[in-house]
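This report walks through a structure for someone meeting it for the first time. Please keep the sequence and the model at hand while reading.

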Amino acid sequence: MAAMFGGLAIVLAGAALTALAIGSVRLAAADIIAVLLGSGEPFTRTIIIDVRLPRVLLAVLIGVALGSSGAAYQALFRNPLADPFVVGASSGAAAGAAVVIVTGWAVSASGFGPASLGAFIGALLAVGLVYAIAAAGQMPPVSLLLVGTVVSTVLGAAVWLLMALADQHLHRIVGWLLGGLAGHGWDTVDAAWLPMLTGTAVLCLLGRPLDALSEGEDAARALGLWVGGAMAFVLAAASLAVATAVAAGGVIGFVGLAAPHLARPLVGVAHARLVPASGLIGGLLLLGADALARSIAAPLELPIGVVTALLGGPFFLIVLRRSWATWRAG
Amino acid sequence: MVLASNNLTCGYRQPVLTDVSLTVRSGELFVILGPNGSGKTTLLRTLARLLRPLGGTVALDGKDVWSCSPSQVAAAVAFTSQVLAPGWPFTVREFVALGRAPHRGWWRPLGAYDRRAIAAAMDQLGLCGIQDRPVTELSGGEWQRVRLARALTQEARVLLLDEPTSHLDPRYQFELLSLVRGLTRVRHLAVVMTLHDVNLVGAWADRVALLGQGDVHCEGTPDAVLTGPALTAAYSVPLAVAPHPVTGAAVVSLVPAVVDRVEERR
């Protein structure tokens, strides 16, 4: 199992090095390593250290946050279809940030600070609402999609309403919604790495409680788990990671869904291994999606959400079809 | 005395059962019997500290379970819900090992004692050969044994089993009930199980509580409880009781058509 994690980490590091080489100026591996070791030409240094490295780090961090919280949401909702987007965390974060921006509390220009706090609270409330409706009752797994879609649509409409009512803030809200990894530098990485990794680390520590919660509240309580507290920690940690990911890169779908499904065949179902493995695979997926977004139509750059949707959508349909068949058989 | 309820009222918002006073002792197999909707599962969940009573108390060794922490109760009381299809493909061993959580906590890795407890439970239920199999690929009988193995791993003195025989064919019903009764005797457990098959009760239970019309209709040994008049009143349908041709235990049968015809002739 240690070999599996080592392998994943090496693949991720290799992918990150490859991503550093991709761009309008192609760089050789030797140059990149020279720069990372602290030497190299000034021109190459500027490209790598100031432009590409923050972007690559951000892609990995966002992927880690989405992948690990996706695994946690799937356990909590007892649903293979759950991901940060489906359970309402992403749209809740966007709406929470929009409220803060419109009411004028957000003073920081980078989108962090109060707007991120709003995003965190918005994500918590939206996921709490979806959980109360979809997971607490005896609904079939597919109904989570309906509840999540309705909540996301209503929140999306609320954001449009806020934008219409407060058009002087329009560009800032749009910046939040569209997101993307382009144009981010070290300031975004500096602001985002701590909350994202904190959320992910807490989820990694909650492996065994997540095992118990993945069987339902009654089963977890019968094992002696303080269910309310454990759920609060899971929701807070996942929402912190997702809200920061949305603040840094906008709403990016399907990574949080796909990463746990790809991780299970490698490390199994126990969450102490599944959550970190999903994080590593999420980082890998987002790195790959960003590389595609930059290179498919170069020099034009596609929004990363377009790439994840094109690749992740069919994957989602396969999972949906399989889980529906299992539910009817069970 | 191990588990006792005192003037218990249980239900969700409205009371489903009132004035339930039961005592379950070690080494005793206690069956809760009653028609659909009579509150069997509600009572069992209340005894398991999963549902807060609307009135009265549940006491474990004389101590109110709601004055204990969830893990203190889980270290002494194991609860197995009605059979649900397994959700995630945990391996059999992973699923069983989670039963150590009330003793081990949620962060400490498993120690030598935990491993022995897990191995002993799986050995006792004949699961060692399938310990690496995903629980989603088990037969109904195997899945029930795996769930029971977790309860044993929990080293609880009280076992609360909700409909452990549902969805099992007669052979697995027999295996499971023999096993549970054996454990009751050998490990000196107090076992409470709900059953909806009246005919399993006479042969297996030490004591029975018959629920009906919002309270415990009657309680006692199977011979005392399983009588035509008591069952007819609890289930609101004419039921007859006859001794089993081999064991002599009570066999209950539904006889509406015969009763109607007898009444017509008069």
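## A hairpin in chain B

In chain B, strand S11 (residues 239-243) and strand S12 (residues 250-254) pair in the antiparallel sense over five bridges, where helices (H or I, at least four residues) and strands (E, at least two) are DSSP runs numbered from the N terminus, and two strands pair if DSSP finds at least two bridges between them. Within this pairing, Pro243(B) stands opposite Ala250(B) in S12(B). S11(B) and S12(B) form a hairpin with six residues between them, and Gly248(B), in the turn, has a positive phi of about 85 degrees.

This is a predicted model, in which local features need pLDDT of at least 70 and side-chain atom pairs count only at pLDDT 80 or more, while totals for chains, interfaces and linings use all residues. Residues are numbered from 1 along each chain as its sequence is written, and chains are lettered from A and ligands numbered from 1 in the order in which they are written.

## The open sheet of chain B

An open sheet of four strands in chain B has the order S2-S1-S4-S5, with antiparallel pairing. Strand S2 (15-24) and strand S5 (63-64) of chain B stand at the edges, each with a single partner strand, so one side of each is left without a neighbour in the sheet. Strand S1 (residues 3-11) of chain B pairs with S2(B) in the antiparallel sense over six bridges, and Leu3(B) stands opposite Val24(B) in S2(B).

Gly55(B) belongs to strand S4 (residues 55-60) of chain B. Gly55(B) is partly exposed, with 14 other C-beta atoms within 10 Å; a residue is buried if 20 or more other C-beta atoms lie within 10 Å of its own, exposed if 12 or fewer, and partly exposed in between, with C-beta atoms placed from the backbone. Not counting residues up to four places away in sequence, Gly55(B) touches Asn7(B) and Thr9(B), a contact being two residues whose C-beta atoms, placed from the backbone, lie within 7 Å. The C-alpha atoms of Gly55(B) and Gly220(B), which are 165 residues apart along the chain, are separated by 24 Å.

Chain B has eleven helices and twelve strands. The radius of gyration of chain B is 20 Å, close to the 18 Å that the globule rule gives for 266 residues, so chain B is as compact as a globular protein of that length; the radius is taken over C-alpha atoms, and the rule is 2.2 Å times the number of residues to the power 0.38.

Chain A, by contrast, has 14 helices and zero strands. For chain A the radius of gyration is 20 Å, close to the 20 Å that the globule rule gives for 330 residues, so this chain too is as compact as a globular protein of that length.

| Chain | Box of C-alpha atoms | Buried residues |
|---|---|---|
| Chain A | roughly 60 × 55 × 35 Å | 51% of 330 residues |
| Chain B | roughly 75 × 40 × 30 Å | 41% of 266 residues |

Among contacts with a separation of 6 or more, residues 24 or more positions apart account for 77% in chain A and for 65% in chain B.

Helix H6 (residues 143-165) of chain A has 23 residues and reaches 33 Å from its first C-alpha to its last, close to the 33 Å expected at 1.5 Å a residue, the expected span being 1.5 Å times one less than the number of residues. Among the buried residues of H6(A) are Leu144(A), Val147(A), Val151(A) and Leu155(A).

Pro54(A) is found in helix H3 of chain A and is partly exposed, with 18 other C-beta atoms within 10 Å. Leaving aside neighbours within four places in sequence, Pro54(A) is in contact with residues including His184(A), Trp186(A) and Val189(A).

In the largest nonpolar core, which has 188 residues, Val242(A), Val77(B) and Leu160(B) touch the most other members; such a core is a set of buried Ala, Val, Leu, Ile, Met, Phe, Trp, Tyr and Cys residues joined through C-beta atoms within 7 Å. The largest share of this core, 17 residues, comes from helix H3 (residues 42-76) of chain A.
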